[in-house]
Amino acid sequence: MKIIFSLILVTSFTLFGFNIYQLINKIRKGKSEKRFDNILQRIKRVLVIAFAQTKLLRDPIPGLLHLGIYWGFITLLFAVIESIGEGLLGFGKFSFSFLGTTYKVITFTQEIFCLIVLLSIFVALWRRFISKINRLQVSSSASFDAALILFWIAAIVSTLLLQNATRISLHTITANWQYPISSILSNNFANSSTTILFETTFWWSHILLVLGFLNYLPNSKHLHILTSIPNVYFSSLLPKGALKPINLSDETLTTFGAKDITDLSWKQLLDGYTCTECGRCDSVCPAHLTGKTLSPRKIVTETRRRTDEKNFNPENTLLYNYITEDELWACTTCMACVYECPVMIEHVDEIVDLRRGMVLDDSRFPPEVKTTFENLERNFTPWGFSHDTRANWAEGKNINSFFTLSEEERNQIEILFWVGCAGAYDERYKRVTQSFAELMNLAKINFAILGKEEKCTGDPARRLGNEYLAQMLITENVGTLNSYNIKKIVTTCPHCFHSLKKEYPQFGGNYEVVHHTDFLLKLIDDGKLNVNKEKKERLTYHDSCYLARYNNVIDAPRDVLKSIPGLEIVEMPRSKDKGLCCGAGGGRMWMEETIGKRINIERTEEALSTNASTIGVGCPFCLTMLNDGVKAKEASEKVTVKDIAEIILESIERN
Ligand code: SF4
Ligand code: SF4
């Protein structure tokens with residue numbers, strides 16, 4: 001038996017080693033990327049996300065199920081090592097029992113986990129095949145894979161319990177508290193030669209199932225059992241949501257964006273092999289939910305398929321043959337997919353890399369994107385307004401521009417108000433800009449603007465894949481900001497906020513940046529603004545993705561609103577970091593939406609379902625999209641969309 005087992009063991013591990021070697025070779029087709037730094041920070045992330053499964057627990061029922069299966073497997077590793085030891089040395093000749101009470105606790109935990117695993121599997125099968133949970137409905141081959149693996153795991157834990165039960169009947173182990181489940185099962189077996197046969201059968205079945213599982217894994221979506229810990233370990237440590245810059249002066253670069261897997265990084269290819277196809281990303285993707293062709297899960301699984309097939313179809317490319325232009329342009333970069341993915345897959349970075357491939361390498365983009373780029377080049381704003389009119393909104397409002405001030409006056413300025421393109425040009429949104437400036441004046445804040453010296457932050461160009469244009473705008477803005485030695489910036493636009501705070505440092509622009517909702521909260525808390533006018537109405541607040549998910553600005557807007565006497569605040573079903581996008585991010589603000597239902601309509605319907613008379617926002621794009629949604633739903637008479645600055649200004653009684 002020992003010889004047969006040794007041969008099986010060596011064959012299994014050799015095959016497994018070969019599979020892993022092949023996998024590493026595939027991943028190495030990707031570009032190099034430094035992800036070997038900050039070891040402690042990375043280990044901490046593995047402990048929190050992989051071992052404590054904090055991301056999965058955001059959805060408690062499936063999260064707890066997975067936690068049960070996961071930890072069950074970890075404790076079962078002890079039993080696997082024991083079985084291998086017994087196979088090599090003989091039955092009963094290898095055990096961790098020398099660990100004394102610790103061993104008893106381990107075996108007790110194993111038995112309890114076996115039970116939890118069996119129950120979890122039962123519920124998981126029920127959810128997939130009886131309740132038919134939407135996000136779990138995948139192709140029949142993926143469903144077969146999922147079912148097979150669940151039955152396989154059930155068989156592994158069952159054979160372990162039955163092996164222990166027969167050993168209790170045969171008195172080779174003692175029935176006590178450390179074997180709570182198999183003690184009960186042992187009542188079904190007598191101390192007989194038949195039971196010896198059963199024991200041998202269960203032992204062999206258990207270890208063969210384990211070794212078979214090990215070799216099935218590399219060809220299954222459950223490969224994530226092996227790859228998820230490295231994938232979490234190597235996940236990006238850049239500030240959340242910050243895009244990676246391209247070194248445009250690097251003359252060795254042959255492509256700027258990504259067109260095939262060899263243009264993606266090895267980590268992006270590892271993402272492909274880590275996807276569990278759980279569908280959490282699709283279930284929160286605004287584009288997917290409204291009938292667009294985009295599926296973040298498909299982006300990842302197609303990357304894996306292309307990596308597998310690259311050698312057989314060298315003439316094809318990931319971009320165009322596996323992932324279409326429509327899919328890529330549909331993304332709003334809302335980051336809901338990245339946020340929900342339990343194994344830290346970075347969909348948005350890959351989508352932007354592929355957009356860069358279309359824009360920078362192939363000059364392929366929809367006509368309206370071309371107009372946006374032209375406007376940005378000519379007018380330094382995505383819209384077709386003349387740059388000379390950028391500060392017209394401030395005329396007659398006694399607002400200073402930096403370039404009109406003396407050196408001494410500049411030194412007195414507490415904060416720069418970054419207005420943004422919507423704030424400067426959009427007719428409706430200019431009222432928000434003016435309201436916020438008025439609030440700062442009321443609170444006696446000594447602020448100034450850049451006026452005509454301000455240009456688009458580069459966010460739309462960057463998210464649309466035009467890194468070249470984005471970097472041009474960013475460098476010009478950084479030059480202006482640094483020439484005035486700016487230290488602190490406030491802005492009403494979450495997209496400007498995110499860029500200035502998290503992406504400008506990549507280009508030498510380091511500032512303390514606050515969003516106006518945070519700034520207003522501080523003014524209210526410090527007693528500089530007295531919100532004293534009652535507002536007897538019902539309001540629902542819509543979270544901007546670039547505030548809530550990108551920058552964790554979730555409580556401040558709500559706390560500002562709570563300061564208004566009489567205001568009733570109701571939450572939409574999807575809110576805070578689970579909020580649904582308005583549809584305008586990632587440059588979508590300047591693009592036609594012709595496929596499926598409009599995202600802003602989906603979101604407006606959700607807001608209207610709360611019966612609120614005001615929809616509060618903290619973003620110019622959200623304001624426009626929801627305003628359009630309310631008009632389209634013919635609800636303008638009952639519901640208004642307002643920025644928090646406007647709502648607060650209305651709630652201040654002035655003498
Ligand atoms: S970022 Fe948002 S829109 Fe883009 S794929 Fe992810 S969930 Fe979908
Ligand atoms: S990308 Fe992440 S969230 Fe989406 S299916 Fe794969 S594992 Fe699940």
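## Sorting residues by class

Ala, Val, Leu, Ile, Met, Phe, Trp, Tyr, Cys and Pro count here as nonpolar, Asp, Glu, Lys and Arg as charged, and the others, Gly among them, as polar. With that in hand, let's tour the spaces in this predicted model.

## The largest cavity

Rolling a probe the size of a water molecule over the atoms shows where empty space is left. How many cavities of 30 Å³ or more does the structure hold? There are six, and the largest cavity contains about 110 Å³ of space. Its lining is made up of 17 residues, with Cys421, Pro460, Cys493, Cys496 and Phe621 nearest the centre. Two or more lining residues come from each of α19 (421-425), α21 (459-463), α23 (494-503) and α28 (620-632). Of these, α19 gives the most, with three residues.

By class, twelve of the residues lining the largest cavity are nonpolar, four are polar and one is charged. Domain 3 (380-525) and domain 4 (538-650) each supply at least three residues to this lining.

## The largest pocket

Moving on to the pockets, the largest pocket has about 1,300 Å³ of space. The number of residues lining it is 48, and His66, Ile69, His222, His224 and Ile225 lie nearest its centre. Several helical stretches of the chain give two or more residues each, including α2 (39-51), α4 (101-130) and α8 (224-233). Which element gives the largest share of this lining? That is α3, with twelve residues.

The lining of the largest pocket has 35 nonpolar residues, along with seven polar and six charged ones. Domain 1 (2-233) and domain 2 (261-361) each contribute at least three residues to it.

## The second largest pocket

About 740 Å³ of space lies in the second largest pocket.

Where does the second largest pocket lie? It lies between domain 1 (2-233) and domain 2 (261-361), because both give residues to its lining.

Methods:
Residues are numbered from 1 along each chain as its sequence is written. Chains are lettered from A and ligands numbered from 1 in the order in which they are written. This is a predicted model: local features need pLDDT of at least 70, side-chain atom pairs count only at pLDDT 80 or more; totals for chains, interfaces and linings use all residues. Side-chain values use heavy atoms; hydrogens and water are left out. On a 1 Å grid over the protein atoms alone, a cavity is a set of points where a 1.4 Å probe fits but cannot get out, and a pocket is an open set with protein on both sides within 12 Å along at least five of seven lines; lining residues have an atom within 4 Å of a point. Grid points are joined across faces, edges and corners, and a volume is the space filled by probe spheres set on the points. Helices (H or I, at least four residues) and strands (E, at least two) are DSSP runs, numbered from the N terminus. Domain bounds come from an automatic or database domain assignment.
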